[in-house]
Amino acid sequence: MHTDAEGYFRVEAQIPPGVTAGWQVVEVVTESGDARAGGAVLLVPADNRLGIITDLDDTILVSDVTDKSRLVARRCS
């Protein structure tokens, strides 16, 4: 698996039968088996039609918050 330029990666998984919507504890393992990690994911219902984005910086608004020189240049222009 490779990350994009900003360090994000995509994971697709089959959800086992009987797992309900809500927070679920997960464990992920690389294909080679040399690394594993645990965490939590939020499963939303399939019929969900509403989402709320609370982190606007570089999610839906380009702010360059991860690059301080570009952030300052954008704010001063």
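Hi everyone, this is a short walk through one predicted protein model. Residues are numbered from 1 along each chain as its sequence is written, and side-chain values use heavy atoms, with hydrogens and water left out. Local features need pLDDT of at least 70 and side-chain atom pairs count only at pLDDT 80 or more, while totals for chains, interfaces and linings use all residues.

Let's start with the overall layout. Helices (H or I, at least four residues) and strands (E, at least two) are DSSP runs, numbered from the N terminus.

How much of the protein chain is buried? Of its 77 residues, 5% are buried; buried means under 20% relative accessible area, exposed over 50%, and partly exposed in between (1.4 Å probe, protein chains only). The chain exposes about 7,300 Å², with carbon and sulfur atoms supplying 56% of that, by the Shrake-Rupley method with a 1.4 Å probe.

Trp23, Leu42 and Val44 make a nonpolar patch of about 360 Å². Patch residues have over 30% relative accessible area and no salt bridge; like charges are joined within 9 Å, nonpolar side chains (Val, Leu, Ile, Met, Phe, Trp, Tyr) within 5 Å. Leu42 sits in strand S2, residues 36–43, and is partly exposed at 46% relative accessible area.

Last, the charges. A salt bridge is a side-chain nitrogen of Lys or Arg within 4 Å of a carboxyl oxygen of Asp or Glu, and the count here is one. Glu27 and Arg36 form a salt bridge at 3.2 Å, N to O, and both residues are exposed.
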